[in-house]
Number of protein chains: 2
Amino acid sequence: MRMKSCGIIVEYNPFHNGHRYHVEMARKITGAEVVIAVMSGNFLQRGEPAIIDKWHRANEALQNGVDLVVELPVEWAVQSADYFAKGAVKILQTLDCDSLCFGTEEETSFDYSSFGRFVQENQDRIEEAFQELSDQTYSYPQKMTEVFRSLYPDITLDFSSPNHILGLSYAKENAKYVHPMELHPIRRKSAGYHEKIITDQRIASATAIRHALEEGKRIAGLVPPQTEEDLSTCSLQTWESYWPYLRYRLLSSTLLELTDIYQMTEGIESRMKTAAATADSFEDFVSKVKTKRYTWTRIQRLSCYVLLNIKKQEIPVQQNKNYLRLLGFTDAGRRFLKEKKEISIYSRIGKKEAQEAELLVRSDQIYQLGGNIPEQNFGQIPIRV
Amino acid sequence: MRMKSCGIIVEYNPFHNGHRYHVEMARKITGAEVVIAVMSGNFLQRGEPAIIDKWHRANEALQNGVDLVVELPVEWAVQSADYFAKGAVKILQTLDCDSLCFGTEEETSFDYSSFGRFVQENQDRIEEAFQELSDQTYSYPQKMTEVFRSLYPDITLDFSSPNHILGLSYAKENAKYVHPMELHPIRRKSAGYHEKIITDQRIASATAIRHALEEGKRIAGLVPPQTEEDLSTCSLQTWESYWPYLRYRLLSSTLLELTDIYQMTEGIESRMKTAAATADSFEDFVSKVKTKRYTWTRIQRLSCYVLLNIKKQEIPVQQNKNYLRLLGFTDAGRRFLKEKKEISIYSRIGKKEAQEAELLVRSDQIYQLGGNIPEQNFGQIPIRV
């Protein structure tokens, strides 16, 4: 009896009422018997440490409608949209998931699936059009807008809203598979991705909630009980917790060593080293490194790679590995997994698994240095709800 | 008018009354017009951060009888006796110093100069005798004792008291030069090197003084006024201040990267990485790494190399450089330096000097992370007393 499944790709930083709504909608739209969340681990897409560790965030999800939580490892999670999508879609495809639901700021009338197929079938033309713009000083989103304006004129694409960009990336990636998942965009309710102001009584963005926490404001009512409890009992992390380590790493490394870090391109390592000598906080550091070419997010990601000591040659090696790291499941999730006996799923990290998932283990050990955070891998078994 | 000069090799961690006595004796015995201290910078021979930074320690020395303070850079300072001696004697020879005074636990009847000449003239025989013992499980001091018992029978050598071992190293190194310095051992007064108990009212070892400070006991009367002031106003450092950084470095480096660290020999990098994951203090860490083969001091030195990210290939490169880093001088010191126009003496560290003394600058930047410590190089000019 094959179970109908729906995948969602999430960070839950932290899990809030909007996420709960998204899970409910996903189940409702697709009629899925099992909702599978592929969730970033302890470091997130925009190059930030998670405010709460992955186990607590997985538990929040399981308490609020998700059936299965699988970790998106750091080599896929801390990446721009296309790689992030590639890693997450790969996991859902491995699990033979039927459909993918994702939030978007766009009206749901946009046909993501046919966009994905179009890109898949026209890769050369797109690449060519993109190259033609290589001399222009356009940003990447601007170039992409230009490219699609000429090649795909039936709809105006906006490459500047984060969730929509992720949606496009999911669509492109999904279209590469022989059996693509059914795509279901769900329009975000009430709160935009970056909105810092809480406009609704029950739903606010994760950014707004973190902002409120920093200012000591009440967030009860915006998050489910489990999140509320976690936020008051867990050691909460921000980049500032890791700033002393990042600073030490930059000061203690030679420029030559820094050039070996993933995504480090000429010149920026020297800017980072100089800024580290005088900056008195992570925020001060990023603002000192920032240039027109390097956005805040890109510097944050680069800072993650430095902090985690991720080398250029390491990412392709890690991305070639095919383990799935299971964080937790409900009864429905457990039944679904029983059908997947042939997949390499890590329920425990022992010596062998630690070698295979070396970067994940190392990143979590560094995450643990940020505060009073429990052991993240060895001896940890998946949460059963 | 050539000035008569006497060199001393010191760490001043911190400067105390025994050091003051040593400087007075050095001047008296040799009749020197200028006393030159070659002083370890911010990291010390036994692999420890200095309790007070190099500028304050240099000032303490200048206030108490020393005329000239030159830094022994980290590539020579954090080393076993022979390399430590080699770096320090090289500096004094560069300055064309007439004599060398050093403390010793031995009776002063031992003839260090003729011992030095004997070693210089019999290097092959010593090496051969040492090799013959290579299969034995003896420690290095035990082997040396054996070697000299057969080759140099007129006196029983004790290779277990630290200052005496340093004295022997100075003697061996000094004998290699065409114009060796006159050697003057000065018997230590009152306090043994490692003595933790304060037995005298006015003189105690630096170890005893640091111990007393840790326990919050009064140390006034054991140190000159300048040291007393510095100990109450400076940010005082111990290994524990750097433990979070050492731990992060061990956890964030791969085993392969750790094997590239200076003095890292097979197996110990894995012990260090494992210990770092669970140790809750530097002391706990060292006790977890310790083996019969690795002494506490050796692990401390290795920890320094890891903390400062010193690579195997880096030490020989740095040791080949010939700059002298001037920390301070009195009027007599200034007059003495006027005679030495041909020597490359760094009074300021600019961009060029920072490249040449790269390891020194990097080590000091890391030292500064330990607490509220002023900039150690850029913009710092020698102290004039």
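This is a predicted model: local features need pLDDT of at least 70, side-chain atom pairs count only at pLDDT 80 or more; totals for chains, interfaces and linings use all residues.
Helices, of at least four residues, and strands, of at least two, are DSSP runs numbered from the N terminus. The loop between strand E1 (5-10) and helix H1 (17-30) of chain B holds B:Pro14. Chain A has a cis peptide bond between A:Asn13 and A:Pro14, where omega is about 0 degrees. Here A:Pro14 sits in the loop between E1 and helix H1 (17-30) of chain A. Such bonds deserve a moment of attention, because most peptide bonds are trans.

Another backbone feature concerns phi. A:Asn309 is not a glycine, yet its phi is positive, at about 55 degrees. This residue belongs to the loop that runs between helix H15 (296-307) and helix H16 (314-319) of chain A. As a point of reference, most residues other than glycine have a negative phi.

Attention now turns to the meeting of the two chains. In the model, 21 residues of chain B touch 21 residues of chain A. The area buried between the chains is about 1,800 Å², and carbon and sulfur atoms account for 54% of that area. Polar contacts between chain B and chain A number 12 residue pairs, with both residues at pLDDT 80 or more. On the chain B side, the elements that contribute two or more residues are helix H11 (239-252), helix H15 (296-307) and helix H19 (358-368). H11(B) provides the largest share, 7 residues. Sorted by class, the side of chain B that touches chain A comprises 10 nonpolar, 5 polar and 6 charged residues.

In a salt bridge between B:Glu257 and A:Lys311, the N to O distance is 2.2 Å. Over all chains, the whole structure has 30 salt bridges. Within chain A, A:Arg2 and A:Asp96 form a salt bridge, with their closest N and O atoms 3.3 Å apart. This pair ties together distant parts of the chain, its two residues being 94 residues apart. A:Arg2 lies in the segment before strand E1 (5-10) of chain A, whereas A:Asp96 lies in the loop between helix H4 (81-94) and strand E4 (99-104).

The last stop is a pair of packed helices in chain A. Helix H11 (residues 239-252) and helix H14 (residues 282-289) of chain A pack at an angle of about 55 degrees, and their axes are 9 Å apart. H11(A) and H14(A) are therefore oblique to each other. From H11(A), the contact draws on A:Trp239, A:Glu240, A:Trp243, A:Leu246 and A:Leu250. H14(A) meets them with A:Phe282, A:Glu283 and A:Phe285. By class, this contact of H11(A) with H14(A) contains 6 nonpolar, no polar and 2 charged residues.

Terms used. Residues are numbered from 1 along each chain as its sequence is written. Chains are lettered from A and ligands numbered from 1 in the order in which they are written. Side-chain values use heavy atoms; hydrogens and water are left out. Contact means heavy atoms within 4.5 Å. Buried area is the accessible area (1.4 Å probe) that two parts lose on being put together, summed over both. A salt bridge is a side-chain nitrogen of Lys or Arg within 4 Å of a carboxyl oxygen of Asp or Glu. A polar contact is a pair of N or O atoms within 3.5 Å; within protein, one must be able to donate a hydrogen and the other to accept it, and residues adjacent in sequence count only if both atoms are side-chain atoms. Ala, Val, Leu, Ile, Met, Phe, Trp, Tyr, Cys and Pro count as nonpolar, Asp, Glu, Lys and Arg as charged, and the others, Gly among them, as polar. Axes are lines fitted to C-alpha atoms, for helices over the stretch in contact, and angles run from 0 to 180 degrees between N-to-C directions. Angles under 35 degrees count as roughly parallel, over 145 as roughly antiparallel, 65 to 115 as roughly perpendicular and the rest as oblique.
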